[in-house]
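Here is a short briefing for a first look. Keep the sequence and the 3D view side by side.

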Amino acid sequence: MHIGSVLMNGRVTVGKDCSFHINTALVAGGTSDDVPCLEDGVVVGIGAVVLGNVHVARNVAIGANAVVSRRYITLFWFYQEEI
């Protein structure tokens, strides 16, 4: 087990079964009071920051040290046909 901080604004919405690694932050962005909303099953990697009016879709993994500031993140499935 690693010990580290998880900084989270009290108004952030978090779904079920979300995981937060150490040194992460979910906070309002800039001068705005808007905060992130995470759906079920989101994983936030080590050192990642999610800020502002961001909606993170179900079962999305946010990579280590990422800075997420876009409004919507959706899960896409890619299909590659074998030749």
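The points below cover the sheet, a surface patch and the cysteines.

This is a predicted model, where local features need pLDDT of at least 70, side-chain atom pairs count only at pLDDT 80 or more, and totals for chains, interfaces and linings use all residues. Residues are numbered from 1 along each chain as its sequence is written, and side-chain values use heavy atoms, with hydrogens and water left out.

**Sheet**
- An open sheet is built from 4 strands in the order β1-β4-β7-β10, with parallel pairing.
- β1 (6-8) and β10 (67-68) are the edge strands, each with a single partner, so one side of each has no neighbour in the sheet.
- Strands are DSSP runs (E, at least two residues), numbered from the N terminus.
- Two strands pair if DSSP finds at least two bridges between them.
- Strand β4 (residues 24-27) is joined to strand β7 (residues 49-51) by 3 bridges.
- V27 sits opposite L51 in β7.

**Surface patch**
- V6, M8 and V14 make up a nonpolar surface patch, together about 200 Å² of accessible area.
- V14 belongs to strand β2 (residues 13-14).
- V14 has a relative accessible area of 32%, which is partly exposed.
- Buried means under 20% relative accessible area, exposed over 50%, and partly exposed in between (1.4 Å probe, protein chains only).

**Cysteines**
- The disulfide count is 0, where a disulfide is a pair of cysteine sulfur atoms within 2.5 Å.
- The sulfur of C18 has its closest cysteine sulfur in C37, 9.3 Å away, too far for a bond.
- C18 is buried at 17% relative accessibility, whereas C37 is partly exposed at 24%.

How values were computed:
Patches are made of residues with over 30% relative accessible area and no salt bridge: like charges are joined within 9 Å, nonpolar side chains (Val, Leu, Ile, Met, Phe, Trp, Tyr) within 5 Å. Accessible areas come from the Shrake-Rupley method with a 1.4 Å probe; for residues, only the protein chains shown count as cover. A salt bridge is a side-chain nitrogen of Lys or Arg within 4 Å of a carboxyl oxygen of Asp or Glu.
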